[in-house]
Amino acid sequence: MTASNTCRTTATRARIAAVGAIAVAGSLMLTACGDQTSSGSKESTGTSESSAALFSKLPKKYQDSKVIKVGTDAAYAPMEFEEGGKIVGVDPDIAAALGKELGVTLQFTNGTFDGLISSLNTGRQDLVMSAMSDTKARQQGLDDKGKKVGEGVDFVDYFTSGVSLLVKKGNPEKIQSFDDLCGKKVAVQRGTIYETTFKTQATKCSADGKGKLTIEAFDTDAEAQTRVKSGGAVADLNDYPVSAYIAKTAGGGNDFEVAGDQTDAGPFGIAVDKDNAQLRDALKEAVAAIIKNGEYNKVLEKWDVKNSAVTEATINAGK
């Protein structure tokens with residue numbers, strides 16, 4: 001699936017109504033329309049091409065262009081979102097640090113989440129960096145029913161997170177676990193692992209005779225949040241750092257809260273086409289380098305997500 005050809009506004013992509021002004025490493029500039037908006041970090045090269053530590057490890061096409069194209073869905077604060085005409089967040093800041101090691105610009109382009117992997121397979125993007133969970137299904141190109149739908153991708157893992165339920169402030173339905181969702185309606189972003197998680201829970205609810213779990217899927221998580229806020233659904237599902245950020249900031253902290261405990265922790269990966277192993281391996285070395293030199297921890301401290309840090313770069317560690 002490719003992204004639509006309709007220009008979307010910042011409002012439709014934003015996960016929350018108000019986010020503080022943020023200075024982002026690399027000053028990612030927003031440029032485009034069509035189905036996407038692009039941003040590139042002019043400072044992400046950091047050093048000249050000849051002296052950047054890992055420049056020589058890149059395929060020649062990137063040495064020549066000095067650009068690696070990155071697909072993202074910039075509607076997922078604090079991982080990536082639009083603010084003041086820029087794409088900012090954890091992933092863009094990590095990308096800027098990686099760019100310094102590689103001696104190239106990591107140029108972000110905004111699109112819909114469920115079209116990001118296909119953008120790799122078609123060559124429209126070189127990487128996907130969008131808080132994407134590394135899963136065996138994505139590695140193998142399988143859909144949520146186990147059907148082969150693509151060639152799959154490789155992941156360079158750089159972050160870890162569990163998932164948490166996001167409910168209306170005050171938790172009027174007293175949701176504390178997935179089993180509490182049986183017989184109710186939930187909202188979620190289409191094409192994410194969270195939709196798959198809800199589908200698995202729906203099957204369990206039916207098998208246990210606890211009532212049907214109804215799932216409403218939306219193009220963006222902002223739409224799912226609106227549904228929960230209005231009372232049309234009892235919960236949304238997100239990665240813990242995202243749920244915590246939304247609960248803290250949306251409506252001044254008065255719209256949502258996190259319900260229950262964080263569960264199912266797993267890695268986020270930077271997706272690379274399987275035919276681009278040289279880029280994948282260079283990227284792994286760059287992730288290892290920023291972990292070692294401390295730039296990685298600086299980014300996580302800035303966004304208050306240190307509990308999601310990894311200690312080493314890995315490839316395809318997801319289950």
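Select Lys302 to begin: this residue is partly exposed, with a relative accessible area of 39%, where buried means under 20%, exposed over 50% and partly exposed in between (1.4 Å probe, protein chains only). Because Lys302 lies in helix H10 and Asp93 in helix H3 (residues 90-102), the pair ties together parts that are 209 residues apart in sequence. Asp93, at 3% relative accessibility, counts as buried.

Before going further, note that this is a predicted model, in which local features need pLDDT of at least 70 and side-chain atom pairs count only at pLDDT 80 or more, while totals for chains, interfaces and linings use all residues. Residues are numbered from 1 along each chain as its sequence is written, and side-chain values use heavy atoms, with hydrogens and water left out.

Lys298 is exposed at 53% relative accessibility, whereas Glu295 is partly exposed at 27%.

Next, move to helix H2 (60-65), where helices (H or I, at least four residues) and strands (E, at least two) are DSSP runs numbered from the N terminus. Here Lys60 and Asp64 meet in a salt bridge of 2.7 Å, N to O, and, being four residues apart in the helix, they are separated by about one helical turn.

Then select Lys66, in the loop between helix H2 and strand E3 (67-72), which has a positive phi near 60 degrees although the residue is not glycine. From there go to Pro78, in the loop between strand E4 (75-76) and strand E5 (80-83); a cis peptide bond joins Ala77 and Pro78, with omega about 5 degrees.

Finally, colour the chain by pLDDT, the predictor's confidence in each residue, from 0 to 100. The mean is 86, and 84% of the residues reach 70 or more. Over residues 1-37, however, the pLDDT is below 50, although this stretch has 107 contacts in the model beyond near neighbours in sequence, a contact meaning heavy atoms within 4.5 Å.

Conventions:
A salt bridge is a side-chain nitrogen of Lys or Arg within 4 Å of a carboxyl oxygen of Asp or Glu.
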